[in-house]
Amino acid sequence: MSVLADKPVTIRPIKNFIKSVLLTLPMLLLTLVLLTGGAGFPTDVLGLISFAINYLLVNSLFFMMIYTGRTDSYRAVLFVFFAVCFIIFFIGNLLEVRGSMLLSRENLFKGETPFCHMVIPMAIIPAVLTRTIIFPGSLLNGFAAVATMLIIWFGASLILGRGFCSWGCFYGGLEDGISRLRRKPSRLKIDLKWRYLPFAVLLFIVLTSAATLSPTYCAWLCPFKAVTEFEPLSSWPALIFTVVFFSLFLGLVIILPFLTRRRTQCGLFCPFGAFQSLTNKICSSEVRIDPGRCINCGRCIEVCPTFSMDRDSLAKGKTTITCCKCGKCIDHCPRKAIYYHTKGTPLHHKTRLLFLYPAFLFLATFSGGIIQKAIHRVLLLVTTGSMLIG
Amino acid sequence: MKGFLLGLSNGVVCLTYCAPVLVPYFLSDGKNAGHNYKELFKFLAGRLSGYLLFGILAWRAGRFLPQNTSGESVFFGVPYLIFAGLLLWYGFRNKETRLCMGKSLWFQKLNQWSPQWIAFFFGLLTGLNLCPPLLLAFTDVTLSGGDLWHSLWFFFSFFAGTAVYLLPLPVLGIFNQGVTLKTIARFAMGVTGLYYGFLGLIYLIRGVQLR
Ligand code: SF4
Ligand code: SF4
């Protein structure tokens, strides 16, 4: 054990109220600019109320992160809220555009669906292999919109790596929320070999998407079809697909997260998560452990929602490649031995801010428009009885 | 010559159709490129058998394919299901990926069984896969209305044209380091098995509906 471990460790979270306010000021300004899109405040009353709720929520959460020194609990509030709002927003949109949540295979293969980040590995890798771009997403707004999405994703990956899955994914919040409903996990043990499955699914969808020139994951395996859009049950194959979507959703997003307190879809199935894990190798941020401080209590292994910490990685002072930088282990470590670390800087809790600002700003702006629109729809529902706009 | 050129011009598509089986297979064994080439030849032998079977069908049944009959759906559905079973077994039989430890002797024996010619069966069953280039070849033969030898020769030369594209794949053996990639590849075989299982089921259901 190192000399450091024998000393009493005192980490001082930024408790000073004024200091926290000062550190929140840049976020207040940046979110104001980004959430208004530079176009001024919404002019209608409901729009203005939605904006105000979102703006206050986002900045209070950031303030609390700074003030308490805890990351995951406050991140999760926004992340879960984002996922719920996404579903309200998305279903509302579908009802407006198509009149129902139903989606035919024809819609899917014609790309008449909104662009979703899940398809990035299916688009990029087959594009390199076959020089054909498979876009199971709407190009109706022009290639510029898709290109913008890809640039945002690329930029976010350079800074966050797989942090995207805890600070940007609009689905992850669902299971993150459900995994927090129980106080203690059940005794159900999941064999760690299943951590390899997302990489296998990734390999499978890349190869089959290239073979069939169709988005295999969206067509066959996406659990979130259950809460976004699905095929009309007019044939046996459609029934089989629907059973697959709903079983995956129930098993991986509801039942297992509830029982195990883990994000099982993200940790054991999602091919986008696997793809995003690879970007952890090139991004500037990481989560590191100071072996000198660590007392090997195993609390971090217990709480990690994506199975990204094990005895081997702990001994090496690292997480595994799949860490999504949620900060849960950092919050729970009794010795404060885990750090948000920016590569090339010394291990120090102050460098947390170097990760926190871009990560939180990304979550706030990526979720901002969707949260606002969802609140707007709910307000409309309450005041007019319909959540459809126009 | 026409079959060879058709194979050559459509071989990339064949590569992408065989890759979901061959890539995980080569990675899952953890063997070197030399061993993988032996396996590729077994695979190709199986695939050639599948193609020759198609050659016989194309000559015998004439307009068999475009008719979308119940028998035809069953003809393709059953091999898909067998293929699915084989891939699932192969993917999940190793201790790294085994779904349950299975105490019964029968189960353990099945898991230890390592047939030398599994690659042949993978090739045969992939050969019976209705991929677009094969459909093209099939249509060509049925429309030209030649005799059995013409049909077999056409499918043989078509096979030779497409096989060229599979030759680089065994080189994947150079990545065979450590258990991680092997485990991922075995899981991928299992997932591919499930995919073929779905396809088989859909074919069979269609067959029953057509009846
Ligand atoms: S929770 Fe902290 S002290 Fe405990 S094993 Fe993890 S890093 Fe070490
Ligand atoms: S290792 Fe820590 S930061 Fe990474 S995913 Fe697990 S709990 Fe979150």
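This briefing describes the confidence, chain contact, core, ligand surroundings and selected helices of the structure above. The model is predicted: local features require pLDDT of at least 70, side-chain atom pairs count only at pLDDT 80 or more, and totals for chains, interfaces and linings use all residues. Residues are numbered from 1 along each chain as its sequence is written, chains are lettered from A and ligands numbered from 1 in the order in which they are written, and side-chain values use heavy atoms, with hydrogens and water left out. The model scores ipTM 0.80 and pTM 0.83.

**Confidence in chain B**

- Chain B has a mean pLDDT of 78, with 80% of its residues at 70 or more; pLDDT is the predictor's confidence in each residue, from 0 to 100.
- Within chain B, helix H4 (residues 105-112) has the lowest confidence, a mean of 64, and helix H5 (residues 118-127) the highest, at 85.
- Helices are DSSP runs of H or I with at least four residues, numbered from the N terminus.
- Where pLDDT is low, the predicted coordinates should not be read in detail.

**Contact between the chains**

- Chain A contributes 22 residues and chain B 25 residues to the contact, which means heavy atoms within 4.5 Å.
- About 2200 Å² is buried between the two chains, 85% of it on carbon and sulfur atoms; buried area is the accessible area (1.4 Å probe) that two parts lose on being put together, summed over both.
- On the chain B side, B:Phe187, B:Tyr195 and B:Phe198 lose the most area to chain A, together 26% of what that side buries.

**Core and buried positions**

- The largest nonpolar core comprises 146 residues, and A:Trp167, A:Phe360, B:Phe122 and B:Phe155 have the most contacts inside it.
- Helix H18 (residues 352-384) of chain A gives the most to this core, 14 residues.
- Such a core is a set of buried Ala, Val, Leu, Ile, Met, Phe, Trp, Tyr and Cys residues joined through side-chain atoms within 4.5 Å.
- In helix H14 (residues 271-279) of chain A, 8 of the 9 residues are buried, that is, under 20% relative accessible area (1.4 Å probe, protein chains only).
- A:Ser166, in helix H8 (residues 164-167) of chain A, counts as buried because its relative accessibility is 0%.
- Beyond its neighbours within four places in sequence, A:Ser166 is in contact with A:Arg75, A:Phe79, A:Arg263, A:Cys324 and A:Cys326.

**Ligand surroundings**

- Ligand 1 is surrounded by 13 residues, the closest being A:Cys294, A:Cys297, A:Gly298, A:Cys300 and A:Cys333; a residue qualifies if one of its heavy atoms lies within 4 Å.
- The residues around ligand 2 include A:Cys304, A:Cys323, A:Cys324, A:Cys326 and A:Cys329.

Key:
Buried < 20%, exposed > 50% of the residue type's maximum accessible area, 1.4 Å probe, protein only. Helix = DSSP H or I, 4+ residues; strand = E, 2+ residues; numbered from the N terminus.
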